[in-house]
Amino acid sequence: MTQLAAFAAELLAGRIKVIDLTQTLSPEFPTIALPPEFGQCAPFRLEEISRYDSRGPAWYWNNFSCGEHTGTHFDAPIHWVSGKDLANNTTDTIPAQNFIAPACVIDCAREAAANADFVLTVAVIEAWEAKHGRIPAGNWVFLRTDWSKKSGAAYANLQADGAHTPGPDPEAVRFLVEQRDVLGFGVETIGTDAGQAHHFTPPYPAHFYMHGKGRYGLQCLANLDRLPPTGALIVSPPLKIKGGSGSPLRVLALVAS
Amino acid sequence: MTAKLPPPQRKNPLLPTRQPLLPPSSRSRTALGLTAAAAEGRFALQVCADCGAVQYPPREACHACLGANLPWREVPAGGALIAETTVRITADPYFRQRTPWRTGIVALDCGPSVVAHLHGDVVPDGRVRMTLRLDKSGQGVMLALPGQDTPDMQDDRQMREMTCDPKGRRVLVTDGRNAFGQAMARAFIDVGAAGVFVGVADAWKPFPGQDKLAGEVVPLDITDTDSVHRLAASLGGRVEILVNTALHVRPGGILDRRDTVTAREEMEATYFGPMRLAQAFGPVLRSRGADGTHPACAWVNILSAYALAPTPTFGAFAATQAAALSLAHSLRAELRPLRVVNALVGPLDDEWHQAVPPPKVAPAALAASVLRALRDGIEDLAVGDIAQDLLARWKDNPTTLARELAAG
Ligand SMILES: [Zn+2]
């Protein structure tokens with residue numbers, strides 16, 4: 001039996017579970033809030049073309065519109081200015097091999113519940129490694145905060161001084177990219193960076209360092225609480241948008257039961 | 001004296017709803033001058049430029065000197081009732097629903113005698129104040145009011161066919177996220193609306209004034225078709241006045257934008273938004289246009305006066321306003337017997353007009369103007385000095401106005 005046939009048999013037997021890490025694309029789902037004088041990411045919208053009616057008697061279908069960074073979405077390196085000149089930095093040129101990769105899940109749900117501005121540090125990563133082993137090269141690192149269980153205003157958590165949501169500090173991102181050679185960084189919040197990361201140096205370090213080194217981002221993930229600390233295999237191909245900076249996508253995790 | 005109108009009673013669900021019929025509507029192009037004046041709440045008739053004779057009914061040649069130059073001018077509105085009659089039987093379906101109906105002949109101080117609908121407090125041989133009003137067909141008709149105001153005169157049955165008094169009616173203000181929607185909601189509550197629903201989009205995003213918002217907050221995002229239809233399904237049959245306060249103002253001409261992203265957002269909010277509202281709420285409002293003592297009666301659009309001709313510094317925005325104004329004109333034809341009120345505003349006193357010098361339109365001033373228009377049955381109004389000036393210049397010569405504004 002080949003390895004793939006064995007894998008398929010495990011999948012069919014239900015011993016490999018498929019977990020959906022995706023939020024439903026809906027008009028109400030918050031998008032990133034920028035000052036209104038900046039260009040804005042379009043929210044998800046659905047316009048019905050026909051629904052078994054005079055516009056199309058036997059069929060139902062819609063047009064939809066949204067931004068590349070709406071809902072659960074993938075960030076390509078070209079999204080950030082630090083990654084703008086890299087090779088294979090767009091959704092259509094990233095090697096397909098990179099769309100399937102294992103993930104390490106760092107559970108900071110308790111810390112994020114206590115502090116919306118919780119910051120992932122190198123110390124937290126090293127403590128995780130002491131328990132679960134060194135993060136292997138080419139892995140996703142997912143920050144579990146259980147933020148996806150919130151909705152609406154609590155999820156966006158916008159205050160007068162901006163969003164307050166957890167994320168990594170600059171040193172933690174550099175450590176993951178330079179010391180651990182990760183494939184990318186995934187979060188449950190609207191951005192890979194903390195809500196207040198525009199006050200960090202550099203601003204938005206997860207975007208700056210990850211994309212500057214050609215790594216990827218996954219945002220608005222869900223169900224990270226159903227993943228083991230190691231061993232989940234992530235399937236996350238973005239839409240093949242020509243020159244795209246990212247795309248909404250379905251993110252699946254394969255987990256051995 | 002006019003009897004005070006009691007608040008609306010709950011409907012007997014076993015009785016069919018009165019159909020929204022229209023009074024006779026065909027008019028000659030000349031006679032539409034009455035309609036244009038009525039829409040603005042002016043009492044205007046043709047006045048001969050040669051001999052000064054006031055004309056009625058509207059005509060092509062002066063009744064006194066046969067002169068052909070008969071511009072519409074505001075004329076003194078006083079007069080005396082010289083004959084009256086009460087219609088009890090008629091073949092017209094609209095008036096059959098509404099008999100008895102009082103009409104009379106009024107000798108105007110300015111000359112002609114006219115046939116008019118009579119307010120209930122007009123007494124035989126008494127002095128009257130003549131007004132031009134829009135009827136349920138949207139046509140200009142004469143309504144004679146008593147010489148002096150009387151208590152509760154707003155509640156007169158015949159007059160109410162020509163006005164949209166918010167008292168006792170339920171109002172949907174579509175956007176409570178901005179100060180203008182908030183002031184509008186507050187104003188409707190203050191004049192005794194039976195209910196004020198205030199739409200709020202993106203409830204996850206805090207906004208100024210949120211804590212003081214008057215009225216019942218309902219989720220509504222007019223850029224989201226599903227949101228509009230969901231609200232119409234729950235609220236459509238319980239709204240008599242809809243006021244679209246969704247504003248999406250962004251400065252910028254055509255070239256300095258570099259893309260169509262912002263323009264698309266503007267079109268979504270300014271043009272597709274009202275279209276969605278009309279498709280979702282229009283049919284049910286129209287169907288309730290003669291329902292009970294407080295039928296659905298008005299659809300209010302807040303539009304920039306630059307819909308008439310653009311100012312280049314807000315060029316992209318002005319284009320969306322022109323589209324919205326055109327949409328509103330079509331809605332008039334489709335929504336009768338509802339009144340489609342277009343409130344043209346000058347620059348608003350908001351964060352998007354920081355660089356624009358006063359005078360600017362304040363939220364409370366806009367709300368007061370809209371309320372006055374509804375109570376007086378006005379369909380076309382310009383709010384604030386700048387809008388009134390633009391409208392006057394546009395009426396004088398639209399091409400010249402466009403050139404003037406383009407010259408900066
Ligand atoms: Zn004459």
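Predicted model: local features only at pLDDT ≥ 70, side-chain atom pairs only at ≥ 80, totals over all residues.

Residues are numbered from 1 along each chain as its sequence is written, chains are lettered from A and ligands numbered from 1 in the order in which they are written, and side-chain values use heavy atoms, leaving out hydrogens and water.

**Exercise 1. The interface**

Task: Describe how chain A and chain B meet, and find a salt bridge made by A:Glu47.

Solution: 
- Step 1: Start with the residues in contact (heavy atoms within 4.5 Å). Chain A gives 14 residues and chain B gives 14 residues.
- Step 2: Turn to the buried area, which is the accessible area (1.4 Å probe) that two parts lose on being put together, summed over both. For chain A and chain B this is about 1,100 Å², with 51% of it on carbon and sulfur atoms.
- Step 3: See who contributes. A:Arg45, A:Glu47 and A:Leu158 supply 37% of the area that chain A buries against chain B, more than any other three residues.
- Step 4: Look for salt bridges (a side-chain nitrogen of Lys or Arg within 4 Å of a carboxyl oxygen of Asp or Glu). There are 3 salt bridges across the interface of chain A and chain B. A:Glu47 pairs with B:Arg276 in a salt bridge, with the closest N and O atoms 2.8 Å apart.

**Exercise 2. A salt bridge between strands**

Task: Work out which parts of chain A are tied together by A:Asp107 and A:Arg144.

Solution: 
- Step 1: Check the pair. The side chains of A:Asp107 and A:Arg144 form a salt bridge, 3.1 Å from N to O.
- Step 2: A:Asp107 is in strand S5 (residues 100-107) of chain A and A:Arg144 in strand S7 (residues 140-144) of chain A, so the pair ties together parts that are 37 residues apart in sequence.
- Step 3: Judge exposure: buried means under 20% relative accessible area, exposed over 50%, and partly exposed in between (1.4 Å probe, protein chains only). A:Asp107 is partly exposed because its relative accessibility is 42%, whereas A:Arg144, at 18%, is buried.

**Exercise 3. A buried alanine**

Task: Is B:Ala328 buried or exposed, and which residues does B:Ala328 touch?

Solution: 
- Step 1: B:Ala328 sits in helix H7 (residues 315-335) of chain B, where a helix is a DSSP run of H or I with at least four residues.
- Step 2: B:Ala328 is buried because its relative accessibility is 0%.
- Step 3: Leaving out residues up to four places away in sequence, B:Ala328 touches B:Asn301, B:Val340 and B:Asn342.
- Step 4: Compare sequence with space. B:Ala328 and B:Met275 are 53 residues apart in sequence, and their C-alpha atoms are 9.2 Å apart.

Terms used:
Helix = DSSP H or I, 4+ residues; strand = E, 2+ residues; numbered from the N terminus.
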